[in-house]
Amino acid sequence: MKKIRWGIIGCGNVTEKKSGPGFQKAENSELVAVMRRDATLAEDYAKRHNVPKWYTNAEALIDDEEVDAIYIATPPSTHKEYAILAARASKPVYVEKPMALNTEECEEMIKACDENHVPLFVAFYRRAMPALLQVKEVIESGALGNIRFVTTVHHKKASEQEKNGNLPWRVQPEISGGGHFFDLASHTLDFLDYVLGPIESVNGFATNQAELYQAEDIVSGSYVFESGVHGTGQWCFNSYKNEDWNEIVGDKGSLLYSTLQERPMILKDEQGEREIEVDYPEHVQQPLIQTIVNELNGESHSPSTGKTALRTSKVMDQLVANYYQKSGSL
């Protein structure tokens, strides 16, 4: 087994615990270089995480002969640029989610990687998390019977930053592709694609009710999967509380679970209901990173690729299309 040597472009908050240490703790994997435009911050990150090299230029990191694969952890506005550079250097790409600003950019990234014969992975890490894999196991066990529909409810309070006009990049469409819907709902939609199959038909409404920023702050949607399962979703990012749950309903029972919050699943059927405890890893991306390392070593395939993420991008674009067509912002 070859040890995969990783380089990170953009060592911000997501890399501190969610992903960065996972590259060092996964088997046959090590983090050998990081890049951040600010030299002081890049050096500080490298020292704190025991990374031997740091750069202030992405191309320099990509061209480093001791870096085998590239993890892009910058905001979505630069994902396409860095992914194409890495692909042209014949280095596998692992990119943060959302995959890019829009579906068209996702397609360009996939094309570049295909043309240069390198794999493209996307950090929809919940496809490999033990807690969410238990959802998949319950469905496949037949405990719910034939799946009929899925309901998603996701509410989030507006932050003080947003109320004060000090806007984070996640609600600036020119940087993130949209608002919190793109950043957070993408996890749920991608995981539903994984456990219920691709979505073939979508209808949605998106508006900005609180007018704290330019991006949408509420999205309502309905969709039908290729399998015939129906789905509805309601995402509101100016609510009075934080709430996140999904219910998958079949003809024998239902399963209530959270995409983002750490809490037990609830299995219901005609005999009653019971809680199912779930495990969460210290570094949430580590299980997916391990699948990527295994694939790069010629073993099993990783469940989250550019092509699976493209499907999620298309669904999100359709759900908010009416809002951005009217606003003309993207």
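In this predicted model, six strands form an open sheet in the order 3-2-1-4-5-6, with parallel pairing. Strand 3 (53-55) and strand 6 (120-122) stand at the edges, and each has a single partner strand, so one side of each is left without a neighbour in the sheet. On average, neighbouring strands of this sheet are turned by 25 degrees against each other, direction ignored. For strand 6, the pairing with strand 5 (residues 93-95) runs in the parallel sense over three bridges.

Now to the largest pocket, which holds about 1,000 Å³ of space. It is lined by 36 residues, and the closest to its centre are Val-14, Lys-18, Trp-169, Arg-170 and Asp-183. Helix 1 (13-16), helix 5 (79-88), strand 7 (147-157), helix 10 (180-196) and strand 11 (243-250) each supply at least two lining residues. Helix 10 gives the most, with four residues. Here is the lining by class:

| Class of lining residue | Count |
|---|---|
| Nonpolar | 13 residues |
| Polar | 12 residues |

Finally, the cysteines. How many disulfides does a search of the whole structure find? The search finds zero. A disulfide needs two cysteine sulfur atoms within 2.5 Å. The sulfur of Cys-106 is 11 Å from the closest cysteine sulfur, in Cys-113, so that pair is too far apart for a bond. Cys-106 is also buried, with a relative accessible area of 0%, and Cys-11 is buried with a relative accessible area of 0%.

Technical notes:
Residues are numbered from 1 along each chain as its sequence is written. This is a predicted model: local features need pLDDT of at least 70, side-chain atom pairs count only at pLDDT 80 or more; totals for chains, interfaces and linings use all residues. Side-chain values use heavy atoms; hydrogens and water are left out. Buried means under 20% relative accessible area, exposed over 50%, partly exposed in between (1.4 Å probe, protein chains only). On a 1 Å grid over the protein atoms alone, a cavity is a set of points where a 1.4 Å probe fits but cannot get out, and a pocket is an open set with protein on both sides within 12 Å along at least five of seven lines; lining residues have an atom within 4 Å of a point. Grid points are joined across faces, edges and corners, and a volume is the space filled by probe spheres set on the points. Ala, Val, Leu, Ile, Met, Phe, Trp, Tyr, Cys and Pro count as nonpolar, Asp, Glu, Lys and Arg as charged, and the others, Gly among them, as polar. Two strands pair if DSSP finds at least two bridges between them. Axes are lines fitted to C-alpha atoms, for helices over the stretch in contact, and angles run from 0 to 180 degrees between N-to-C directions.
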